[in-house]
Every structure is written in C-alpha cells, then in structure tokens.
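Here's a quick tour of one protein model, written for someone new to reading structures. Have a look at it first, then we'll go through some charged pairs, a metal site and a bit of helix packing.

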Amino acid sequence: MRKVAIPFVILAVITTIGCRTTRENITTTTPQVDVVAAGKVLTAVFQQKAAEYRALCYQAYNFATVSLDQFLQERGSKPPAIMTDVDETVLDNSPYQVHRSLMGLDFEQESWFEWTSRAEADTVPGALGFLKYAASRGVEIFYVTNREEREREATLVNLKKFGFPYADNEHLKLKGATSSKVARRDSIEMHFNLLMCVGDNLNDMSGEYEKKTTAQRFAQTNKDLSAFGRRYIVLPNPSYGEWENAVYQYNFSLTPAQKDSIFRAVLQNYPY
Ligand SMILES: [Mg+2]
C-alpha cells in the first residue's frame, strides 16, 4: 500500500553516530542502520505528539467545512458526495510505524495486515467531526482506500467503532486490481456530484499525480493551486506517500545504502 519516508534531521544524526563528523566522512560514511526506518520514529513523534500536527489536521477540516457549505449552496443535478481516503486521513496508523521502526524495520505488507486486522487505529483529528457534519447535510461519504479486500471487515469495524458515517460495504471502495483511484473516483462521479476529495496523498485527488516525477508533481500542484482547501482537502503525512515513491523513482527494492545515496544526490544542501 505504501512505502516510506525520511526526515533529514534523523539522516544527519544517523550518519554521525559513533564518529565526529568531518568534511571527509560526511561524504563517505555508509549508514549502519536503515535510515528510512529510523526516520519514521521522528515522523511518528510528530504525528502523535505535535500539537502542530493536530492543528494542521483541524485546519484542513475547517477549510473542508467552509468549502462544503459553499458547495452546498449550488444545487447539482446529482446527489452530493465526498470521497475520502482512509489511512492518515481518517485513521491514524502511527502506532504501526512506531512498532516497525523501533525494530529497525520498514513497511512490510504482512505486518501491515496484522496491524489493520486489530482495528485499533485512532482517528485523525477533525475527520470524524467533519464527516459527521457532511452526512448531516445530506452528503454521502465514500471511503476510497488502497487497503485490500482482506482488510475489509477490520476496516469497517475500525470505522464503525468511532461512528464514522456511511461505514458500510457499499461506501468502502478497496484497492481491487489497481492502486490508482481514478476508476473508483469516476464510478462515484457517474452517480454523484463529487464535491471534494480528502486525503494525505495527492493521488487521492487526481490521477495527474500518480507515477509522476517530483518535478511533474510540483508542476501539477501549481496548476491545482486554487483547488487546495476547496475541492482538494489535504492532510499532513510526513511518513510516507507518493512523494517518497517519486524520490525513489518508483524503485521499491532499494537498499538503505541506495536510499542514502539518493538523498545525498537530490537534497538541497550547501558546502561543508
Ligand atoms: Mg492515506
């Protein structure tokens, strides 16, 4: 479903563990641990302990509420609907990241299934209030996620535990044959006036962000500038996403050392 991320601060810490950093060893040090797994500790700290993360989520859902009220003033020919992602949009999976990264491990599919089967994810701040409000205004909610069929039951249990509206089979659109959400978005739009897309990944909004380079994704973001906070509601996710896949050029079999090399090649720096 997803691949991982890396905060730069952690990268700097890791590369200097056990030795004083000099101009020479900065360029030659090979990390002894998985820099990405280590980095996810800090991103999980941000997700779990930063009031700023919480505020960003509230900010997103506050904008969503204002935009929804505006959209609902215009009558569409079809009933209104919202498409929302699940992971890091309405459910918080940071305990999985902590669990893996404290073992020095990265994302791995079977361990992910084990986590989601627990149905223990908490809510992303603001998500429940917004979606309940939308439902109260007569808007149907579709949960479009790249969780798989085998995760269906536990996902519904997890959503229902908090009382998320429309948490049922009809409104849960799982991955199926492709991770692209374009076909699922189109199928909703056939019958509904899709007011907005909510997600932590720009792929949740548009197919124009899928499998694109970082530069192409930036360019598309500039094109879509006026949609953010209106039709596109974006939640913060510093841990993983298509942005990271783009940095790796969609090579999902890179070693930690190869990832380290990529970071050194692509990140903006200044001379030592
Ligand atoms: Mg997500």
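You'll find 13 salt bridges in this structure, where a salt bridge means a side-chain nitrogen of Lys or Arg within 4 Å of a carboxyl oxygen of Asp or Glu. What's the general idea behind such pairs? Side chains of opposite charge can pair when their charged atoms come close.

Before going on, a word on the ground rules. The model is predicted, so local features need pLDDT of at least 70 and side-chain atom pairs count only at pLDDT 80 or more, while totals for chains, interfaces and linings use all residues. Residues are numbered from 1 along each chain as its sequence is written, and side-chain values use heavy atoms, with hydrogens and water left out.

**Salt bridges**

- Lysine 259 and aspartate 106 pair up through their side chains, with 3.6 Å from N to O.
- That pair reaches across the chain: lysine 259 sits in helix α12 (residues 256–266) and aspartate 106 in the loop between α5 (94–101) and α6 (109–117), 153 residues apart. Helices here are DSSP runs (H or I, at least four residues), strands are DSSP runs too (E, at least two), and both are numbered from the N terminus.
- Are these two partners buried or exposed? Lysine 259 is buried at 9% relative accessible area, and aspartate 106 is buried at 14%. The cut-offs are under 20% for buried, over 50% for exposed and in between for partly exposed (1.4 Å probe, protein chains only).
- Glutamate 189 has a salt bridge with arginine 231, and their closest N and O atoms are 3.5 Å apart. Glutamate 189 belongs to helix α9 (residues 182–191) and arginine 231 to the loop between α10 (214–223) and β7 (232–234), so this pair ties together parts 42 residues apart in sequence.
- Glutamate 208 and lysine 212 make another salt bridge, at 3.9 Å between the closest N and O atoms. Glutamate 208 is partly exposed at 41%, and lysine 212 is partly exposed at 23%.

**The magnesium ion**

- Which residues coordinate the magnesium ion? Asp85 (OD), Asp87 (O) and Asp200 (OD) do, at 2.0 to 2.2 Å. Donors are N, O and S atoms within 2.8 Å of the metal (3.2 Å for Na, K and Ca), and water is not among the atoms, so sites may look incomplete.
- Along the chain, the donors follow the spacing D-x1-D-x112-D.
- Aspartate 87 is in the loop between β1 (80–84) and β2 (91–92), and aspartate 200 is in the loop between β6 (193–199) and α10, 113 residues apart.
- Aspartate 87 is buried at 4% relative accessibility, and aspartate 200 is buried at 10%.

**Helix packing**

- Helix α4 (residues 51–71) packs with helix α7 (residues 127–136) at an angle of about 10°, their axes 9 Å apart. Axes are lines fitted to C-alpha atoms, for helices over the stretch in contact, and angles run from 0 to 180 degrees between N-to-C directions.

**A buried tryptophan**

- Tryptophan 112 is found in helix α6 and is buried, with 0% relative accessible area.
- Tyrosine 96 and tryptophan 112 are 16 residues apart in sequence and 7.4 Å apart in space, C-alpha to C-alpha.
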